Amino acid sequence: MARNIIFKYSNKIWRSFFYSPLASILTIGLILFFGLAGWYVWNWGVADAIFRADFKACLQNHDGACWGFVTEKWRLIIFGRFPYEIQWRPALATFLVLLMLVISAFPQSWTKQASKWLIGGWVCSLAAFFILMKGGIFGLERVDSDSWGGLPLTIILTLLGMTLSAPIGILLAIGRRSKMAIIRNLCAGYIELIRGVPLITVLFVASFIFPLLLPPAWRIEAFWRIVIGIVLFQAAYMAETIRGGLQTIPQGQFYAADSLGLNRFQVYVYIILPQAFVTIIPAFVNSLLSTFMDTSLVTIVSMYDLTGSLRLALGDPNWRNFFLEGYLFIAIIYFVFSFIMSRYSIWLEKRIERKKQGALAEAKAQAA
């Protein structure tokens, strides 16, 4: 039994990597390359590294990495300029949001009954997030949004940017397919205008130009201006993603819905959009990852996300030369979040495909 299993997997490995002389040479070369690279990285980043916050010891450790910089500055990198003594608040706020994201990922929470609890949980978690971050009530010290930063700022900007841009993108996508010329041209004009400028320009306008257009009595905090800029920018790209999904739906679906007497709203909500959303999962995750990375641009408008907080930490002249360890640290954080999101999207696609195949098999069985 064991011999058969070993033979099966060895044969599979051989057919995958050594099926030709050229493939064998490339496989051996890649093994040697990654082996040597891994050995070097291990020696530099682990075996020879210093993990304690000892600046003098780091200076003496010329040949290896010095993770003492991260040990010394990790709270500044993760939480930005939030007051040091009350950083439990952004930690708890971020945990609550991440917990709701994990709960929302389970299919058991998508049922009609569970969705009510899910919506309530999101309302409570977001309310708790802003209460903990902002303060000013329940005896919490007030902290202006200008002092928010690090990982909490990156996560909440991504979450609000994607969540609020989705309904706007849906309306723009449907409007661009409208038979009314004025609506179709307005939606198309907005989409092309926003997609024709970089996000950095939108953030600059939202932060510095938008306040000049408002009446003097109206004042919107910089954080919310940035959120508005990201939402309006992302909505244009979301609209094109959703429009691409709508184009995959056969016209017969619309005719079938009309024959059932459904109005236009019911046709899109119950028939067209659910099918379109399945086809745009990869593109949606790509937009999610793009928004997650693009939050680093808020540094130009004096808000410090994860990348911006690292720059604050590197402002310490003692540790300025250890920027490599800092960028590797936040790169690992970005990679972990991005990898989890990408793997979840793959799992979700496979699950939907299995459900679809099961429904087709059941329909065929009933027809027979």
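A residue counts as buried when its relative accessible area is under 20%, as exposed when it is over 50%, and as partly exposed in between (1.4 Å probe, protein chains only). Keep that handy as we walk through this predicted model, where local features need pLDDT of at least 70, side-chain atom pairs count only at pLDDT 80 or more, and totals for chains, interfaces and linings use all residues. Residues are numbered from 1 along each chain as its sequence is written, and side-chain values use heavy atoms, with hydrogens and water left out.

Let's start with helix α14. Helices (H or I, at least four residues) and strands (E, at least two) are DSSP runs, numbered from the N terminus. Six of the eight residues of α14 are buried, so this helix is largely enclosed by the rest of the structure. The buried ones are Leu-306, Thr-307, Gly-308, Ser-309, Leu-310 and Ala-313. What covers them? The cover includes α4, α7, β1 (304-305) and α15.

Now hop over to α7 (residues 150-176), where you'll find Thr-154. With a relative accessible area of 0%, Thr-154 is buried. Contact means heavy atoms within 4.5 Å. Leaving aside residues up to four places away in sequence, Thr-154 touches Phe-292, Thr-295, Asp-305, Leu-306 and Tyr-334.

Next, the rings. Rings of Phe, Tyr and Trp (its six-membered ring) pair if their centres lie within 6.5 Å; planes under 30 degrees apart count as stacked, over 60 as edge-to-face, and the rest as tilted. The whole structure has 19 aromatic pairs. One of them is Phe-55 with Phe-322, an edge-to-face pair at 6.5 Å centre to centre with 85° between the planes. Phe-55 lies in helix α3 (residues 55-60) and Phe-322 in the loop between α14 (306-313) and α15 (323-367), so the pair ties together parts that are 267 residues apart in sequence. Phe-55 is partly exposed at 26%, while Phe-322 is buried at 10%.

Another pair, Phe-69 with Trp-319, is tilted: 6.1 Å centre to centre and 45° between the planes. It links distant parts of the chain too, with Phe-69 in helix α4 (residues 68-79) and Trp-319 in the loop between α14 and α15, 250 residues apart. Phe-69 is buried at 0%, and Trp-319 is buried at 4%.

Finally, look for charges over rings: NZ of Lys or CZ of Arg must be within 6 Å of the ring centre and within 35 degrees of the ring normal. Arg-75 lies over the face of Tyr-84, 3.8 Å from the ring centre. Arg-195 lies over the face of Tyr-237, at 5.7 Å.
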